[in-house]
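Have a look at it first, then read on.

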Amino acid sequence: MITMDDIVREGDPVLRENAEEVSLPPTDEDKHILGEMLQFIKNSQDEEIAEEYNLRAGVGIAAPQIGISKRMLAVHFTDFKDKEYSYGLFNPKIISHSVEKTYLPGGEGCLSVDREVPGIVPRYARITLRATTLEGDEVKLRLKGYAAIVVQHEIDHLNGIMFYDHINSENPQEIPDNATSAD
Ligand SMILES: OCN(O)CCCc1ccccc1
Ligand code: NI
């Protein structure tokens with residue numbers, strides 16, 4: 001099982017690399033890894049397991065965070081409208097997005113960042129993405145609000161981008177013009 005010992009922390013160059021496309025259909029090994037990533041996120045949200053294995057709760061994880069520079073990510077969360085999202089995705093690609101932006105008023109965190117980095121992280125309010133699921137289906141997902149934020153955070157990891165790269169260093173709490181809070 002994946003534990004916090006497997007999570008790469010900021011400073012490791014793998015977090016600044018452009019991850020490689022996964023060749024499809026995915027190998028059994030890639031499917032196993034993505035399955036383990038999804039299970040880790042579920043485990044991190046289970047009080048008993050998280051306590052037992054000292055897991056930090058997360059809503060998503062990208063393969064570079066376990067040192068694997070491949071375009072794979074897993075998310076498991078419920079959005080503000082109680083809609084459940086649970087996906088393992090290969091080669092996710094944002095094919096269109098809104099001009100409007102959104103953000104979490106409390107900012108973001110990251111399993112690979114062992115410190116608070118306060119500030120507004122502007123993200124596209126709505127995204128359409130294509131990907132191949134862990135189950136092998138090609139999907140086209142239209143996401144908005146919290147779901148759009150989480151998935152953009154994970155896709156950033158595949159492109160060597162950390163959440164704090166988006167924070168305005170002059171005025172971290174500045175709300176960009178065309179941005180509305182996700183709630
Ligand atoms: O990359 C996954 N991650 O480090 C875990 C936290 C993910 C996350 C946290 C806040 C807002 C969006 C996404
Ligand atoms: Ni992260």
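## Salt bridges

Searching the whole structure turns up nine salt bridges, where a salt bridge is a side-chain nitrogen of Lys or Arg within 4 Å of a carboxyl oxygen of Asp or Glu. Before going further: this is a predicted model, so local features need pLDDT of at least 70 and side-chain atom pairs count only at pLDDT 80 or more, while totals for chains, interfaces and linings use all residues. Residues are numbered from 1 along each chain as its sequence is written, chains are lettered from A and ligands numbered from 1 in the order in which they are written, and side-chain values use heavy atoms, with hydrogens and water left out.

One of the bridges pairs R16 with D165, with 2.6 Å between the closest N and O atoms. It links distant parts of the chain: R16 sits in the segment before α1 (28-44) and D165 in the loop between α3 and β8 (179-181), 149 residues apart. (Helices, H or I of at least four residues, and strands, E of at least two, are DSSP runs numbered from the N terminus.) R16 is partly exposed at 44% relative accessible area, and D165 is partly exposed too, at 37%. The cut-offs here are under 20% relative accessible area for buried, over 50% for exposed, and partly exposed in between, using a 1.4 Å probe and protein chains only.

E108 and R123 meet through their side chains in a salt bridge, 2.8 Å from N to O. E108 is in the loop between β4 and β5 and R123 in strand β5, so the pair ties together parts 15 residues apart in sequence. R123 also bridges to D156, again with the closest N and O atoms 2.8 Å apart.

## The nickel site

Which residues hold the nickel ion (ligand 2)? It is coordinated by C110 (SG), H153 (NE2) and H157 (NE2), at 2.1 to 2.4 Å. Donors are N, O and S atoms within 2.8 Å of the metal (3.2 Å for Na, K and Ca), and since water is not among the atoms, sites may look incomplete. The donor residues follow the spacing C-x42-H-x3-H in sequence. H153 and H157 are four residues apart in helix α3 (residues 145-158), which means about one helical turn separates them. Both H153 and H157 are buried.

Why is the arrangement called irregular? Because the six donor atoms around the nickel ion (ligand 2) subtend angles of 29 to 149°. For reference, four donors count as tetrahedral if all angles lie between 85 and 135 degrees; four count as square planar and six as octahedral if opposite donors are over 155 degrees apart and all others between 65 and 115; anything else is irregular.

(Lys and Arg count as positive and Asp and Glu as negative; His and the chain ends are not counted.) Neighbours within four places in sequence aside, E154 is in contact (heavy atoms within 4.5 Å) with G60, I61, A62, Q65, L73 and V75.

## Nonpolar cores

The largest nonpolar core has 23 residues, and F77, L89, L129, L143 and V151 have the most contacts inside it. Such a core is a set of buried Ala, Val, Leu, Ile, Met, Phe, Trp, Tyr and Cys residues joined through side-chain atoms within 4.5 Å. Two or more residues come from each of β2 (72-78), β3 (84-97), β6 (126-133), β7 (138-144) and α3, with α3 giving the largest share, eight residues. Apart from this core lies another, of 20 residues, among them I2, L38, L55 and A63.

Most residues other than glycine have a negative phi, and most peptide bonds are trans. Here, a cis peptide bond joins L24 and P25, with omega about -5°, and P25 is in the segment before α1.

D82, in the loop between β2 and β3, has a positive phi near 60° and is exposed, with 66% relative accessible area. N91 also has a positive phi, about 50°; N91 lies in strand β3 and is buried at 11% relative accessibility.
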